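Trainee: Before we discuss the architecture, may I see the sequence and the coordinates together?

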Amino acid sequence: MSDHEPDLPEDSGSNASPDPSSRVVIPDVLHSFYEERPFVSCTRCGESLKDFAEGFRISKSFKGDEVILESAMCMPCMAAMMDETSDESKLRLEEFHEKHYRDVSGFDECALCENTLDQVKDDEFNLVGVCQGNDMLDSALICFDCQEAMNEIISEETRRTWERFRQENFPGVPSDFEPMPTRPAPISF
Ligand SMILES: [Zn+2]
Ligand SMILES: [Zn+2]
């Protein structure tokens with residue numbers, strides 16, 4: 001029996017837990033592709049993710065079926081990155097999110113526009129999960145168009161800062177790649 005593994009992470013939810021909250025076990029699609037297991041440590045500081053009571057954020061970018069970047073960041077590291085973001089950029093991103101944020105969770109539809117996963121799955125897209133321990137509290141799909149739109153509204157200074165942040169923390173990542181297209185903002189806690 002052990003040779004039969006379900007391919008679709010969504011299907012593994014058949015053992016639906018009676019938990020009244022929307023907590024689910026972190027789906028396979030948000031596991032580390034490179035490590036072939038769930039993320040265990042923060043991509044930036046290396047600390048054990050389970051030790052962060054406030055949780056952590058997994059971000060995986062795909063181009064079609066291919067994983068082009070993945071990261072798991074503890075909240076203090078997310079905050080550190082936001083500290084490096086200019087006030088102007090923060091404000092613009094906040095406005096953008098307020099204007100576009102749709103009250104949808106999950107990976108079926110973009111959190112910021114009406115694109116569906118079906119429509120964008122052959123292109124680049126980003127999956128984000130807010131997690132705590134082994135559980136995922138919230139999730140979002142951000143399509144390429146929305147990533148691009150956000151890239152355009154941030155300041156040159158912020159773009160450079162983020163680029164430096166990426167180079168320092170994610171060595172080996174192609175320089176044209178945007179690992180942090182979104183802030184935690186589209187996801188409500
Ligand atoms: Zn960290
Ligand atoms: Zn979108």
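Trainee: Is strand S5 largely enclosed or open, and how many of its nine residues are buried?

Mentor: Strand S5 covers residues 124-132. A residue counts as buried if 20 or more other C-beta atoms lie within 10 Å of its own. S5 is largely enclosed by the rest of the structure because the number of its nine residues that are buried is eight.

Trainee: Which residue of S5 is the bridge partner of Ser59?

Mentor: Strand S2 (residues 56-63) and S5 run antiparallel and are joined by eight bridges. Within this pairing, Ser59 has as its partner in S5 Val128.

Trainee: Which residue of S6 is the bridge partner of Asn126?

Mentor: S5 also pairs with strand S6 (residues 135-143), antiparallel and through eight bridges. The two strands form a hairpin with two residues between them, and Gly133 in the turn has a positive phi of about 60 degrees. The partner of Asn126 in S6 is Ile142.

Trainee: Which residues touch the most other members of the largest nonpolar core?

Mentor: This core holds 34 residues. Leu141 touches, among others, Phe107, Leu117, Phe125 and Leu127, not counting residues up to four places away in sequence. The members that touch the most others are Phe56, Leu141 and Ile142.

Trainee: Within what arc do the buried residues of H2 fall?

Mentor: H2 has 14 residues and reaches 20 Å from its first C-alpha to its last, close to the 20 Å expected. Its buried residues are Ser89, Leu93 and Phe96, whereas Asp87, Leu91, Glu94, Glu95, Glu98 and Lys99 are exposed on the other side. Seen down the axis of H2, the buried residues line one face of the helix, because they fall within an arc of 60 degrees.

Trainee: Which exposed residues does H4 carry on the face turned away from its buried side?

Mentor: The buried residues of H4 are Cys146, Gln147 and Met150. Seen down the axis, they fall within an arc of 105 degrees and so line one face of the helix. Their cover includes H2, S4, S5 and S6. On the face turned away, the exposed residues are Glu148 and Glu152.

Trainee: Over residues 174-189, under what value does pLDDT stay?

Mentor: The protein chain averages a pLDDT of 81, and 78% of the residues score at least 70. Residues 5-20 stay under 50, and the model has nine contacts beyond four places in sequence for them. Where pLDDT is low, the predicted coordinates should not be read in detail. Residues 174-189 have 41 contacts beyond four places in sequence in the model, yet their pLDDT stays under 50.

Conventions: Residues are numbered from 1 along each chain as its sequence is written. Chains are lettered from A and ligands numbered from 1 in the order in which they are written. This is a predicted model: local features need pLDDT of at least 70, side-chain atom pairs count only at pLDDT 80 or more; totals for chains, interfaces and linings use all residues. A residue is buried if 20 or more other C-beta atoms lie within 10 Å of its own, exposed if 12 or fewer, and partly exposed in between; C-beta atoms are placed from the backbone. Helices (H or I, at least four residues) and strands (E, at least two) are DSSP runs, numbered from the N terminus. Two strands pair if DSSP finds at least two bridges between them. A nonpolar core is a set of buried Ala, Val, Leu, Ile, Met, Phe, Trp, Tyr and Cys residues joined through C-beta atoms within 7 Å. Two residues are in contact if their C-beta atoms, placed from the backbone, lie within 7 Å. The arc is that of the directions from the helix axis to the C-beta atoms. pLDDT is the predictor's confidence in each residue, from 0 to 100. The expected span of a helix is 1.5 Å times one less than its number of residues.
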